[in-house]
Amino acid sequence: MSETIKRIRRTGQDIPRPMRDLILQLPLLNVTQALEIDYQAADPALLAQVADNAETAMHVVQLGLSAVGQLLVRAAPEVETGEISGDSIEALGWLMSELNVFSATAFKLASACRHITTGYVPYQSKPVSGARP
């Protein structure tokens, strides 16, 4: 990857936690009788924030999976010699599978939120009270 990522020293509250925030925001969404998210009844500010966090989490997961894949390629000789156990590789495989499913779900969620908030003017993500751990 030729991307340059600026590294900023952050402490405490400054560190963004999009996955945590997304998980804390999901219970704030209304659901229909069929137990599906009722996007039409949701607060547009909440939907915008959910979409932002879902997109950021998806991006982080994809970059992380790419990095793990590159590490696995370089670790192949150690797997053959037994220095890295097959159980570890299996666990990484399951983790990568679950993270990919999460990423696909985050994409679907973000797309639905963006579709509903298309006419939301002005588009700004603002904190929604109650989304605290």
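Predicted model: local features only at pLDDT ≥ 70, side-chain atom pairs only at ≥ 80, totals over all residues.
The axes of α2 and α3 come within 8 Å of each other and cross at roughly 155°, where axes are lines fitted to C-alpha atoms, for helices over the stretch in contact, and angles run from 0 to 180 degrees between N-to-C directions. The two helices, α2 and α3, are therefore roughly antiparallel; angles over 145 degrees receive this description, whereas those under 35 count as roughly parallel, those from 65 to 115 as roughly perpendicular and the rest as oblique.

Residues are numbered from 1 along each chain as its sequence is written, and side-chain values use heavy atoms, with hydrogens and water left out.

The protein comprises 3 helices and 0 strands, and its pattern along the sequence is α-α-α. Helices (H or I, at least four residues) and strands (E, at least two) are DSSP runs, numbered from the N terminus. Of the 133 residues, 21% count as buried; buried denotes under 20% relative accessible area, exposed over 50%, and partly exposed the range in between (1.4 Å probe, protein chains only). Among contacts (heavy atoms within 4.5 Å) with a separation of 6 or more, 78% are made by residues 24 or more positions apart.

Helix α3 covers residues 86–116, and its 31 residues should span 45 Å at 1.5 Å a residue, in agreement with the 45 Å between its end C-alpha atoms. The expected span is 1.5 Å times one less than the number of residues in the helix. The buried residues of α3 are S103, A106, L109, A110 and C113. Their cover includes α1 (18–25) and α2 (44–81).

S103, in helix α3, counts as buried at 5% relative accessibility. With neighbours within four places in sequence left aside, S103 is in contact with M58, V61 and Q62. F102 also belongs to helix α3 but counts as partly exposed, at 24% relative accessibility. Under the same exclusion of neighbours within four places, the contacts of F102 are M19, L22, A57 and V61. The C-alpha atoms of F102 and A54 are 9.6 Å apart, although 48 residues separate the pair in sequence.

Side chains of opposite charge can pair when their charged atoms come close. In one of them, the side chains of R20 and D21 meet at 3.1 Å, N to O. R20 is partly exposed, with a relative accessible area of 40%.

A further salt bridge joins D52 and R114, with the closest N and O atoms 2.5 Å apart. This pair links distant parts of the chain, D52 lying in helix α2 and R114 in helix α3, 62 residues apart. D52 is partly exposed at 21% relative accessibility, and R114 is likewise partly exposed at 22%. R114 also meets the side chain of E55 in a salt bridge, at 2.8 Å, N to O. E55 lies in helix α2 and R114 in helix α3, so this pair ties together parts that are 59 residues apart in sequence. E55 counts as partly exposed, with 31% relative accessibility. Through shared partners, the salt bridges join D52, E55 and R114 into one network.

L35, in the loop between α1 and α2, has a positive phi of about 65° although it is not a glycine. Most residues other than glycine have a negative phi, and most peptide bonds are trans. L35 counts as exposed, at 70% relative accessibility.

Definitions and conventions
Salt bridge = Lys/Arg side-chain N within 4 Å of Asp/Glu carboxyl O.
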